[in-house]
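Have the sequence and the model side by side for this report.

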Amino acid sequence: VDAIKKAKNECGLLDELNSFFLHLLRAEGNTSRAPTEIANVASCVDKVLDQLPEGLDAPNRVAVTMSTGASVLRTNPSVLKIVIANLGENALMYSKPGSRVHLNIERAEDKRGLDETDLLKICVEDSGEGIPNDFIQRIFRPFVRLRDDITDGSGLGLTLVRSLVDLYGGSVYIQSEEN
């Protein structure tokens, strides 16, 4: 049952991603910006946590903190869901069973001078075994997985996260300590 629910949720996310990329392909020229809309970030987070595989127990293990002003803002809800789903699922899978994962979401001022909009900062913190420093350089490459013995996967989740975050002019990075 858990596998069927996960497959259904993954298909829903893929459908949203497909719609998103079709929208980008329809955009005229290279001057078009990636699509955004006013979205309920809190609702997106709740949906993602409810849709993660039951065995991960995300609703009970993920502690969400959202700063004032971050619950509703201009973003792409489909992209946001995909990013949070991949980061959250990885944190839950690679952490000790029953341990807490912290998801902190805040609105941050864009100090790059590129835009007059605010940024969405997402931080996922877990108590997993950590990632070796030499591996951090490769973790966002396609088909790279830290451990094959923990769970099935393609090794494309973090590659997709990096690509989507890059598309919106953001950045993604990992801080990790082994053990």
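Buried means under 20% relative accessible area, exposed means over 50%, and partly exposed lies in between. Cys-123 has 36% relative accessibility, so Cys-123 counts as partly exposed. Cys-44 is at 7%, and therefore counts as buried. A search of the whole structure turns up 0 disulfides. Keep in mind that this is a predicted model.

**Overall layout**

The protein has 6 helices and 5 strands. Along the sequence they run α-β-α-α-β-β-α-β-β-α-α. The protein holds 179 residues, and 35% of them are buried.

**Helix H4**

H4 covers residues 77–93. This helix has 17 residues. From first C-alpha to last it reaches 24 Å, close to the 24 Å expected at 1.5 Å a residue. How covered is H4? Mostly: 16 of the 17 residues in H4 are buried.

Asn-76 caps the N-terminal end of H4. One of the side-chain oxygens of Asn-76 lies 3.0 Å from the backbone nitrogen of Ser-78.

Lys-81 is a residue of H4. Is Lys-81 buried or exposed? Its relative accessibility is 10%, which is under the 20% limit, so Lys-81 counts as buried. The C-alpha atoms of Lys-81 and Val-41 are separated by 9.0 Å. Along the chain these two residues are 40 residues apart.

Ser-99 is buried because its relative accessible area is 14%, under the 20% limit. The side chain of Ser-99 reaches the backbone oxygen of Lys-96 at 2.6 Å.

**The cavity**

How many cavities of 30 Å³ or more does the structure hold? It holds 1. The largest cavity has about 50 Å³ of space. Its lining consists of Val-48, Leu-49, Leu-52, Val-62, Ile-84, Gly-88, Val-101, Leu-103 and Val-124. Which elements supply at least two residues each of that lining? They are helix H2 (41–51), H4 and strand S4 (101–109). By class, the lining has 8 nonpolar residues, 1 polar residue and no charged residues.

Two loop residues deserve a look. Asp-57 has a phi near 55°, a positive value in a residue other than glycine. Asp-57 lies in the loop between H2 and helix H3 (58–61). With a relative accessible area of 31%, Asp-57 falls between the two limits, so it is partly exposed.

Phe-143 also has a positive phi, about 70°, although Phe-143 is not a glycine. The loop that holds Phe-143 runs between helix H5 (133–136) and helix H6 (157–167). Phe-143 has 60% relative accessibility, over the 50% limit, and therefore counts as exposed.

**Accessibility at a glance**

| Residue | Relative accessibility | Class |
|---|---|---|
| Cys-44 | 7% | buried |
| Lys-81 | 10% | buried |
| Ser-99 | 14% | buried |
| Asp-57 | 31% | partly exposed |
| Cys-123 | 36% | partly exposed |
| Phe-143 | 60% | exposed |

Terms used:
Residues are numbered from 1 along each chain as its sequence is written. This is a predicted model: local features need pLDDT of at least 70, side-chain atom pairs count only at pLDDT 80 or more; totals for chains, interfaces and linings use all residues. Side-chain values use heavy atoms; hydrogens and water are left out. Helices (H or I, at least four residues) and strands (E, at least two) are DSSP runs, numbered from the N terminus. Buried means under 20% relative accessible area, exposed over 50%, partly exposed in between (1.4 Å probe, protein chains only). The expected span of a helix is 1.5 Å times one less than its number of residues. A polar contact is a pair of N or O atoms within 3.5 Å; within protein, one must be able to donate a hydrogen and the other to accept it, and residues adjacent in sequence count only if both atoms are side-chain atoms. On a 1 Å grid over the protein atoms alone, a cavity is a set of points where a 1.4 Å probe fits but cannot get out, and a pocket is an open set with protein on both sides within 12 Å along at least five of seven lines; lining residues have an atom within 4 Å of a point. Grid points are joined across faces, edges and corners, and a volume is the space filled by probe spheres set on the points. Ala, Val, Leu, Ile, Met, Phe, Trp, Tyr, Cys and Pro count as nonpolar, Asp, Glu, Lys and Arg as charged, and the others, Gly among them, as polar. A disulfide is a pair of cysteine sulfur atoms within 2.5 Å.
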